[in-house]
Amino acid sequence: MMDNRCRCSSDRLLNPILFNILSQLDNTRSSLHDYNSIPHRCNCELRRTVCLKRPLEICKEASSVLLKTVHFMKNLPAFKQLPPNDQFILLKNCWVPLFILGLAQEHVDFEVADVPADSMLKKILLRREGGTEMEREQPTIAGVSKLKSCLRKFWSLDLSPKEYAYLKGTTIFNPDIPDLKASLFIEGLQQEAQHALSEVVQLLHPRRQDRFARILLTASMLQSITPSLIVELLLRPVIGQADLLELLVDMLFGR
């Protein structure tokens with residue numbers, strides 16, 4: 001289990017160099033005594049940067065889910081019928097929720113730990129020297145908690161493979177995304193997927209009147225997970241400095 005205690009004061013005592021640099025960057029001039037004597041709202045817990053505890057194992061599982069996600073899209077006949085630019089727009093906007101559904105279906109569970117202080121110090125120094133490493137949004141405990149909460153809700157629903165398949169269909173065919181040329185056609189595809197999902201739910205769970213609504217409500221959480229969280233937490237160790245969207249385009253449309 002992670003230590004969830006506030007580290008505002010302890011970090012200043014244990015990592016004085018790191019605290020001094022952070023203080024300079026935040027233009028904080030108050031002394032330690034002054035800081036502790038002024039009432040303040042502590043948000044350090046939510047802003048803590050974290051990393052995977054078992055990166056090799058989890059990143060391998062995440063890579064497998066990513067491949068299956070692309071394979072799912074490539075094998076949708078209706079997706080191939082869309083204009084190329086619409087395919088790209090849907091890929092760009094829908095790969096994250098589809099990927100998270102894949103994590104849930106494959107039951108990819110993971111734990112995180114605080115980023116080591118020496119690693120944070122290195123990143124801060126790189127930023128001060130004009131490096132690019134800090135330009136990426138680093139995973140925080142708040143973002144990870146939101147992702148894990150979403151996964152737990154899907155696991156509690158215990159969806160069948162057919163339910164996952166039709167839910168992925170309702171997710172990828174999103175007519176509300178801007179700049180789609182075939183939005184009406186895509187809306188029809190989404191309605192078909194929702195209807196198929198509803199029928200499967202009624203067939204498998206005839207006594208669960210609220211199950212279909214609960215599935216759609218849980219699916220609405222997918223849009224709150226940012227691409228940067230997924231990439232930096234689960235995929236960056238695998239893809240290195242490469243741009244993931246470019247890799248996805250090559251995987252989906254490449255020969």
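Reader: What percentage of the 255 residues in the protein chain is buried?

Author: Buried residues make up 40% of the chain. The model is a predicted one. Its secondary structure comes to 14 helices and 2 strands.

Reader: How much accessible surface does the protein chain have, and what share belongs to carbon and sulfur atoms?

Author: The surface comes to about 15,000 Å². Carbon and sulfur atoms account for 54% of that.

Reader: Why is Cys94 called buried?

Author: Buried means under 20% relative accessible area. Cys94 has 2%, so Cys94 is buried.

Reader: What makes Cys150 buried?

Author: The cut-off is again under 20%. Cys150 has a relative accessible area of 0%, so Cys150 is buried.

Reader: How many disulfides does the structure hold?

Author: The count is 0. A disulfide needs a pair of cysteine sulfur atoms within 2.5 Å.

Reader: Why is Glu199 called partly exposed?

Author: Buried is under 20% and exposed is over 50%, with partly exposed in between. Glu199 has 46%, so Glu199 is partly exposed. Glu199 is found in helix H11, residues 183-204.

Reader: How far apart are Glu199 and Phe212 in sequence and in space?

Author: They are 13 residues apart in sequence. C-alpha to C-alpha, the distance is 9.3 Å.

Reader: Which residues touch the most other members of the largest nonpolar core?

Author: Trp95, Phe99, Phe154, Ile230 and Leu234 do, in a core of 63 residues. Helix H7, residues 84-105, gives the largest share of this core, 12 residues.

Reader: What does Leu234 touch, not counting residues up to four places away in sequence?

Author: Leu234 touches Leu52, Ile58, Cys59, Ala62, Phe99, Leu103 and Leu229.

Reader: Why are H5 and H13 called roughly perpendicular?

Author: Angles of 65 to 115 degrees count as roughly perpendicular. The axes of H5 (residues 55-74) and H13 (residues 227-239) cross at roughly 90°. H5 and H13 are therefore roughly perpendicular to each other. Their axes come within 9 Å.

Reader: Which residues make that contact between H5 and H13?

Author: From H5 come Ile58, Cys59, Ala62, Ser63 and Leu66. From H13 come Leu234, Leu235, Pro237 and Val238.

Reader: Among contacts between residues at least 6 apart in sequence, what share joins residues at least 24 apart?

Author: In the protein chain, that share is 84%.

Definitions and conventions:
Residues are numbered from 1 along each chain as its sequence is written. This is a predicted model: local features need pLDDT of at least 70, side-chain atom pairs count only at pLDDT 80 or more; totals for chains, interfaces and linings use all residues. Side-chain values use heavy atoms; hydrogens and water are left out. Helices (H or I, at least four residues) and strands (E, at least two) are DSSP runs, numbered from the N terminus. Buried means under 20% relative accessible area, exposed over 50%, partly exposed in between (1.4 Å probe, protein chains only). Contact means heavy atoms within 4.5 Å. Accessible areas come from the Shrake-Rupley method with a 1.4 Å probe; for residues, only the protein chains shown count as cover. A nonpolar core is a set of buried Ala, Val, Leu, Ile, Met, Phe, Trp, Tyr and Cys residues joined through side-chain atoms within 4.5 Å. Axes are lines fitted to C-alpha atoms, for helices over the stretch in contact, and angles run from 0 to 180 degrees between N-to-C directions. Angles under 35 degrees count as roughly parallel, over 145 as roughly antiparallel, 65 to 115 as roughly perpendicular and the rest as oblique.
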